[in-house]
Amino acid sequence: MSISDKLAQAVVERLLRQRYSEEFCDVVIRVEKTEFRCHKFILSACSKYFKELFEEHTVDGQDLEFTSAETFNNVLSCIYGGIDILTESNLDKIWEATKWLKIDFLYDACEAFQSERVDKENCVEMINQAQEMESEKLREVARCVIVNEFQDVSKMDNFVFLKPDDFLDVLNVRDLNVNCEDQVLSAILKWMQLSPEPTETKSRVIVGLLKASRLCLASGRALQNLMDAKAIAKNRKAFNIIREALRYHQHPDRRSYYCPAQAVHRSSSDYQNVVVSVSRDPKGSFVMSCRDIYEDWYMLDTPPQAESFTSHGKYIFASGQSQPSGSDIKVSFHRYNTQTGKWSHLPPLKTSASRYSLICLDNFLYAVGIADSVTICRMDISESTEWSKIGELLVPVNNMVLTTCENSLIILGNEKNSKEITLQSFDSVSLTSHVYADKLSANATSFTTFDTGRKTYVLLSNGEVWKVIACDSKGVQMYQKGKLFEDVITLHSAVTFQDTVIIAASNVLNPQMKNRLETQILDQVKSVEIIQRPSRCLINAAIPRNLLSRPEP
């Protein structure tokens, strides 16, 4: 034994001896009806409470009302003799006393002791105690157990005693371990119905709980169960959030444009959210790749030589090459299954046009003729058997960009020998075409579109953003929202992921132009990201993780 060890042992033995012999005691601490004769020097050295008391007042006695005599005696045994006093039965009382007495080393010992005891049976009780004791360490340990064992914890009776802020914090964790999001919605419903929290509190936090969940990934039945709950049905904001998730289910044609936070898969899912990009390599061949949420790029199956790409649910569609077929031209079409990672053929289209741009609306795939053609055809996606001609554009255009707004196709392009942008609409119900009365800026060298749920926007190369409104009587109306950036760049495509508009662009000539910008001019959008990539399309998709095995060179 070293000299320092011998000294420490001797000091502890003599301190304990002095406590019981009451030698040199100079203060009396009264707890309940028991008097403890102590030494100010020892108490103030270990307890900030006593140090502050003795510094501010000249006292020879003090009453303590926040603890019991038995607990204080245990605390003194630890202070004077270094005795390990903690047990499962006395931990709560001793920890409470050390919090008041501000005995840091004993507080830390209680925190460590309790943290080692956390399991899925008591984690809710522990996280509540952590809040009472202001213990961040215990809270983090308990939170991790709830996150990792959520499927079991959420089924236990004591789950409903989880505090609102802790419940919200758990749901916000991307690593929450659940097999499917229905389990999360069942937990929310159970908590709303059985938690002892006041009704006003539940009404206040339900919106946050729903936003933290992945509502768009839950089943229609689970969403309907939420809407049927009285406490949720009466809350208009909560009801609207669920209704938007149901709309996401009902419109797989719009999922490629906008991926809300409620549609982002958790780490425990077999799927990964990605943004799919199709572009040409230096040899002129098309390359399909995707970027995950960590901004890593992966290669996907080689796409066909194609003019245009769009998507519907789990499928990506491409308009392929054309070849003569008698007096007509036969245009090939292809379909990529994001679940299997394979391309397949669709029925060709025999027509007088050689180039088509694609877009999906409701359950139909639309092909719109480019350049000298004004033909509009469509195919039922569920059947995928044949094309039908359903209408024509009023004005033929080049450099075509398609999007949708309500029940209408929105067609942008340049008329022959014109730099002005012509905007047309085609009503998918009445099968009628309209032209926007005014031309968009001739200063825009390129243009694209993006979506934020129910709202459709046109983005010009100079940063201008125009909101598109579909009207029954006037076809299409637009109004300017502002600018996302100041420099002029070449736009290729854009997509919205959570609260960020991702823009594929080139010819970014200003070296000081930031690739990430904040914006406040659009609802549901907080930032803009510019990636220098000549992508023919950017498409939101959910792909099995096992397909993300080939990093992009």
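Where does UniProt place the feature "domain: BTB"? Here are a few notes on this predicted model, starting with that point.

1. According to UniProt, in an unreviewed entry, the feature "domain: BTB" sits at residues 25–88. In the model, the end C-alpha atoms of that span are 32 Å apart, with 45% of the span in helix and 22% in strand.

2. On to the pockets. The largest pocket holds about 930 Å³ of space, and 40 residues line it.

3. Sorted by class, the lining of the largest pocket comprises 19 nonpolar, 16 polar and 5 charged residues.

4. The second largest pocket has a volume of about 720 Å³. It is lined by 25 residues, and Glu244, Tyr258, Pro260, Gln262 and Gln524 are the closest to its centre. Helix α15 (residues 236–250) gives the largest share of this lining, with 7 residues.

5. By class, the lining of the second largest pocket splits into 11 charged, 7 polar and 7 nonpolar residues.

6. Why does the second largest pocket lie between domain 2 and domain 3? Both domain 2 (178–250) and domain 3 (261–323 + 330–547) give residues to its lining, so the pocket is placed between them.

Conventions
Residues numbered from 1 in each chain as written. Predicted model: local features only at pLDDT ≥ 70, side-chain atom pairs only at ≥ 80, totals over all residues. Heavy atoms only, no water. 1 Å grid on protein atoms, 1.4 Å probe; cavity = no way out; pocket = protein on both sides within 12 Å on 5 of 7 lines; lining within 4 Å. Points joined across faces, edges and corners; volume = space filled by probe spheres on them. Nonpolar A, V, L, I, M, F, W, Y, C, P; charged D, E, K, R; others polar. Helix = DSSP H or I, 4+ residues; strand = E, 2+ residues; numbered from the N terminus. Domains from an automatic or database assignment. UniProt positions renumbered as here; feature names shortened; annotations may be inferred.
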